[in-house]
Amino acid sequence: LRCAARHLLPDGLLVIEAFVPDPRRYDTDGHRIELRHLDDTGLHLVLSQHQPTQQAIEVIHVLAGPNGLHRYQVQLNYAWPLELDLMATLAGLELLERTGGWDNQPYDTATVDHVTIYHKPVVHPRLG
């Protein structure tokens, strides 16, 4: 956020789209297995390991189909929306708006993705 803030002009906006972390998606050991696709053409299986103390999720996508078996690994590190607000404040940005998506859904306890807009205030030199 600090790097983005440095590139913004005064009165500029920074828009972030992100997911809202949901530890309830994982079992007590932090695992999750999700079958995303299964039919005659192939399979897409997602294996996840949540590490809450590191705010990290290791994800492995397994794809099987006519072109063989493929495995893709992704490491996600996440921040809660309030942590993003703190990082933005430390970078000199102000929270302008947060919604539950691009269609201006409310940001509430049911929100899974958020769109947050930060503003870089205009700094006026001291007069006198």
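A residue counts as buried when its relative accessible area is under 20%. In this predicted model, Thr-116 has a relative accessible area of 0% and is therefore buried.

Thr-116 belongs to strand E7, which covers residues 113-119. Strand E7 is part of an open sheet of three strands, arranged in the order E1-E7-E6 with antiparallel pairing. Strand E1 (13-19) and strand E6 (94-99) form the edges of this sheet, each pairing on one side only. On average, and with direction ignored, neighbouring strands here are turned by 20° against each other. In general, the strands of a sheet pair through backbone hydrogen bonds, in either a parallel or an antiparallel manner.

A closer look at E6 and E7 shows that these antiparallel strands are joined by five bridges. Within this pairing, Glu-97 stands opposite Ile-117 of E7. Helix H2, spanning residues 81-90, packs on the sheet and touches both E6 and E7. The direction of helix H2 makes about 15° with that of E7.

Returning to Thr-116, its side chain takes part in two polar contacts described here. One, at 2.8 Å, is with the side chain of Arg-98, and another, at 2.7 Å, is with the side chain of His-114. When neighbours within four places in sequence are left aside, Thr-116 is in contact with Leu-14, Val-15 and Ile-16, as well as with Leu-95, Glu-97 and Arg-98.

Methods. Residues are numbered from 1 along each chain as its sequence is written. This is a predicted model: local features need pLDDT of at least 70, side-chain atom pairs count only at pLDDT 80 or more; totals for chains, interfaces and linings use all residues. Side-chain values use heavy atoms; hydrogens and water are left out. Helices (H or I, at least four residues) and strands (E, at least two) are DSSP runs, numbered from the N terminus. Buried means under 20% relative accessible area, exposed over 50%, partly exposed in between (1.4 Å probe, protein chains only). A polar contact is a pair of N or O atoms within 3.5 Å; within protein, one must be able to donate a hydrogen and the other to accept it, and residues adjacent in sequence count only if both atoms are side-chain atoms. Contact means heavy atoms within 4.5 Å. Two strands pair if DSSP finds at least two bridges between them. Axes are lines fitted to C-alpha atoms, for helices over the stretch in contact, and angles run from 0 to 180 degrees between N-to-C directions.
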